[in-house]
Amino acid sequence: MTGQTGDRAVILGEYILDTGATVRAAAKVFKISKSTVHKDVTERLRYDNPQLYRRVRKVLEKNKQERHIRGGLATKRKYKGE
């Protein structure tokens, strides 16, 4: 994914908002690092598009609150042999 970082931040923010994706999932789809996605949607997006930033932040907070559940399910699948 090439282009201006501000444009990339907006595209990532819209993707996360539309799909409810985690930072890790968005990084995989756009083939960039998790660190880049996180920096784009938490720092760059705040200045480039404040309204989108506030909406994306809510999705990221929801994902953060649910991460322990996803981790537990992943461990369950691991030991179940899936």
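Buried means under 20% relative accessible area, exposed means over 50%, and partly exposed lies in between, with a 1.4 Å probe and protein chains only. Good morning, colleagues. The structure before you is a predicted model, in which local features need pLDDT of at least 70, side-chain atom pairs count only at pLDDT 80 or more, and totals for chains, interfaces and linings use all residues. Residues are numbered from 1 along each chain as its sequence is written, and side-chain values use heavy atoms, with hydrogens and water left out.

Let me turn to the salt bridges. Side chains of opposite charge can pair when their charged atoms come close. The term here requires a side-chain nitrogen of Lys or Arg within 4 Å of a carboxyl oxygen of Asp or Glu. How many salt bridges does a search of the whole structure find? The search returns five.

I shall begin with Arg8 and Asp40, whose closest N and O atoms are 2.5 Å apart. This pair links distant parts of the chain, since Arg8 belongs to helix α1 and Asp40 to helix α3 (residues 34-48), 32 residues apart. Are Arg8 and Asp40 buried or exposed? Both of them are buried.

Within helix α4, Glu66 and Lys62 are four residues apart, about one turn of the helix. Their side chains meet in a salt bridge at 3.9 Å, N to O. Glu66 has 30% relative accessibility and counts as partly exposed; Lys62 is partly exposed as well, at 43%. Elsewhere, salt bridges that share partners join Arg8, Asp40 and Arg44 into one network.

Helix α3 holds a further pair, Lys39 and Glu43, which are also four residues apart, about one turn of the helix. Their salt bridge spans 3.0 Å from N to O. Lys39 is partly exposed at 37% relative accessibility, and Glu43 is partly exposed at 41%.

We come next to the aromatic rings. A pair of aromatic rings is described by the distance of the centres and the angle of the planes. Rings of Phe, Tyr and Trp (its six-membered ring) pair if their centres lie within 6.5 Å; planes under 30 degrees apart count as stacked, over 60 as edge-to-face, and the rest as tilted. By this rule there is one aromatic pair. Why is the pair of Tyr15 and Phe30 edge-to-face? The ring centres are 5.3 Å apart and the planes stand at 90°, so the pair falls in that class. Tyr15 lies in helix α1 (residues 5-19) and Phe30 in helix α2 (residues 23-30), so the contact ties together parts that are 15 residues apart in sequence. Tyr15 is partly exposed, with a relative accessible area of 23%, whereas Phe30 counts as buried at 18%.

One backbone detail deserves mention. Lys31, in the loop between α2 and α3, has a phi near 55°, a positive value in a residue other than glycine. Lys31 is exposed, with a relative accessible area of 74%.

I close with the surface. Arg46, Arg54, Arg57 and Lys58 form a positive patch. Such a patch is made of residues with over 30% relative accessible area and no salt bridge, with like charges joined within 9 Å. Which helix gives the largest share of the positive patch? Helix α4 (residues 50-80) does, with three residues. Arg54 lies in helix α4 and is partly exposed at 41%.

Methods: Helices (H or I, at least four residues) and strands (E, at least two) are DSSP runs, numbered from the N terminus. Patches are made of residues with over 30% relative accessible area and no salt bridge: like charges are joined within 9 Å, nonpolar side chains (Val, Leu, Ile, Met, Phe, Trp, Tyr) within 5 Å. Accessible areas come from the Shrake-Rupley method with a 1.4 Å probe; for residues, only the protein chains shown count as cover. Lys and Arg count as positive and Asp and Glu as negative; His and the chain ends are not counted. The place of a charge is taken as NZ of Lys, CZ of Arg, CG of Asp or CD of Glu.
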